[in-house]
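Biologist: I'd like to go through this one with you piece by piece. Could you take my questions as they come?

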Amino acid sequence: MEHGSFKDNSHATFTLGEEDHTLANAVRFVLNQDPRVTVGAYTIPHPSLEKVNIRVQTTGDPAKEVFKDACQELMQMNRHVRSVFDKAVTEYKAEEERKVKKAAEELQRQRELFGSMDIESN
Amino acid sequence: MESDGEEEVRRIVTDEEKLEAQNFNIFDLPDVPKGLPPHLELQRTRVVCEVKAPLHATGTIYSGAYISSGVDNSVNLENFSENFKVDVISLTKTDMVFDMIGIPPGVANAFRRILLAELPSMAIEKVFVVNNTSIIQDEVLAHRLGLIPIVADPRLFEYLSENDQPNERNTIVFKLHVKCPKGDPRRKVLSSELKWLPNGSELLKESAGGSTTNPKTHTSFSRSQDSFPEFADNPIMPSFQDILIAKLGPGQEIELEAHAVKGIGKTHAKWSPVATAWYRMFPEVILLKEFEGKHAEELVKVCPRKVFDIEEMGQGRKRATVARPRDCSLCRECLREGDETIEGEAKSKGKAEAKSEGKTEAKSEGKAEAKGKRDWVDQVALRRVKNHFIFTIESTGSQPPDVLFTEAVKILEDKCERVISELS
């Protein structure tokens, strides 16, 4: 829901239902990074109601577009986080498997070494 | 003669000179410093932890904050993609510790909140009690059953709303029937006694005015959950088999049926798939001066997390080094004054004022001579690196922690998408 004025669409307040600090703070950060934004803030009118009011004021561009851009950017950041995380986890798992295999091989070698030593002593 | 002078002044500017003027950047000149001066860089990237309170905790998030120094403070997609890194430190079936570098704190907190409150999982919601002669009341028993974590991937199930019929796609049915025979000693009822019923409920519903058709149970399973490929080999059961549910004395019996449904932590904490999830910022410990001999030993002894180590420098001289800054729990024991004498107190007040100015190095020499148990306080700088988070996720067992984190990121993406579609 956008509360703004018809004449000047560069200032608006967006009311999101069923949202809380989780999304609002993350969006606020990305919003403030945009050089077109003069005011980017959020408030929760009452903690019992699940509503967030996000205020966007820009230097001329329509506030709706700027807010949408911020959400888009957050979405893309998340996608990037996911891909980097997945890669890091698979690398870690592969590394662990390598270590386990190396340790098993080492153990096997040592067993063989001791085995051959026993035969010699006999 | 005058006309000659005018011609000399009105030189034609060549194209090369024009190009040079266009591309001129003052920061390319050799003696202009690049980047921010060190004290501003400290403010921008570090939270300074002092004895009384942390400084510079809120970041400057405005992208043009340092534009006059030529530093771009923005975190747009390009430089985020370049600088973002994840390092997995440890990963087991239930616990995970990993580092996230280059992520803004609001987003990291969003992940933590989603992990705790908005990731779905399965937990017992409805308990049909047939017989309970134990000393644990029905509702207490039901509450305890609800808190037992269940190993079932919630992505394979749907939510059960008020109007829906419980069926094999949204309900998991467990049975608990335990008896303590007379003459036997007191026995414990553990979570291992919860039996999974893949074919659905076995309790018959009472139908008004006896019907001749098939008696209905409390669920309408059209096929056995056993037949699903995911559950064929891994039967659904509680994560931990040794959770104590109740204790039965001789002659007491519990017979009940429990239905587990999908939910999120916001509704009730039993549906939170993580035991807990937290993050801390990466600590940085810097020794502002050389700690030698007695001071070095004192410093090493004082730290409860053994962050510092003694290094032999030859000729019997010892030095303190920061060996494990990662283990620092920011207890500030190394910053704390020892037993304060009256002189120590007065000097510490003076120190507090000096700290608020931001510069301690010049005054440190004088303070080092102050009387007090520890005269090396002030020489340790405790800082935290912004945008570098050490995340710990402890799962309750239903899903491995790396899957949980991926799902949490997906949920944040979905929220953004929902907002965008609402606006369009």
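Biologist: In E12(B), what is the bridge partner of Phe174(B)?

Modeller: Some ground rules: this is a predicted model, where local features need pLDDT of at least 70, side-chain atom pairs count only at pLDDT 80 or more, and totals for chains, interfaces and linings use all residues. Residues are numbered from 1 along each chain as its sequence is written, chains are lettered from A and ligands numbered from 1 in the order in which they are written, and side-chain values use heavy atoms, leaving out hydrogens and water. Helices (H or I, at least four residues) and strands (E, at least two) are DSSP runs, numbered from the N terminus. In E12(B), Phe174(B) has as its bridge partner Ala258(B).

Biologist: And in E9(B), what is the bridge partner of Phe174(B)?

Modeller: E7(B) and E9(B) run antiparallel and are joined by 2 bridges. Two strands pair if DSSP finds at least two bridges between them. In E9(B), the partner of Phe174(B) is Trp196(B).

Biologist: Over how many bridges do E7 and E12 of chain B pair?

Modeller: One bridge pairs His177(B) with Glu255(B) in E12(B). Strand E7 (residues 172–179) and strand E12 (residues 253–264) of chain B pair in the antiparallel sense, and the bridge count is 8.

Biologist: Which are the edge strands of the open sheet in chain B?

Modeller: The sheet has 4 strands in the order E5-E12-E7-E9 (chain B), with antiparallel pairing. An edge strand pairs on one side only, and that picks out strand E5 (120–132) and E9 of chain B.

Biologist: Ser191(B): buried or exposed?

Modeller: Ser191(B) is in the loop between strand E8 (187–190) and strand E9 (195–196) of chain B. Leaving aside neighbours within four places in sequence, Ser191(B) is in contact (heavy atoms within 4.5 Å) with a set of residues including Ile148(B), Pro238(B) and Ile245(B). On the scale here, buried means under 20% relative accessible area, exposed over 50% and partly exposed in between (1.4 Å probe, protein chains only). With a relative accessible area of 0%, Ser191(B) is buried.

Biologist: Which residue's backbone oxygen lies 2.6 Å from a polar atom of the Ser191(B) side chain?

Modeller: The residues in contact with Ser191(B) also include Gln241(B), Asp242(B) and Ile243(B). The backbone oxygen at 2.6 Å belongs to Phe240(B).

Biologist: What is phi of Asn387(B)?

Modeller: Most residues other than glycine have a negative phi. Asn387(B) is found in strand E16 (residues 380–395) of chain B and is partly exposed at 29% relative accessibility. Its phi is positive, near 65°.

Biologist: Now the interface: what area is buried between chain B and chain A?

Modeller: In residues, 45 of chain B are in contact with 39 of chain A. Buried area is the accessible area (1.4 Å probe) that two parts lose on being put together, summed over both. Carbon and sulfur atoms give 67% of the total, which is about 4000 Å².

Biologist: Which element gives the largest share of the side of chain B that touches chain A?

Modeller: There are 6 salt bridges between chain B and chain A, a salt bridge being a side-chain nitrogen of Lys or Arg within 4 Å of a carboxyl oxygen of Asp or Glu. One of the pairs is Arg79(A) with Glu413(B), at 3.5 Å, N to O. The elements giving two or more residues to that side of chain B include helix H4 (77–83), strand E3 (85–91) and helix H11 (401–423). The largest share, 15 residues, comes from H11(B).

Biologist: How far apart in sequence are the parts that Glu118(B) and Lys415(B) tie together?

Modeller: The side chains of Glu118(B) and Lys415(B) meet in a salt bridge of 2.8 Å, N to O. Because Glu118(B) lies in the loop between H5 and E5 and Lys415(B) in helix H11 of chain B, the pair ties together parts whose separation in sequence is 297 residues.

Biologist: Is Lys410(B) buried or partly exposed, and what is its relative accessible area?

Modeller: Glu407(B) forms a salt bridge with Lys410(B), the closest N and O atoms being 3.3 Å apart. The two are separated by about one helical turn because they sit 3 residues apart in helix H11 of chain B. Glu407(B) is buried at 15%, whereas Lys410(B) is partly exposed, with a relative accessible area of 32%.

Definitions and conventions: Polar contact = N/O pair within 3.5 Å; in protein donor to acceptor, adjacent residues only side chain to side chain.
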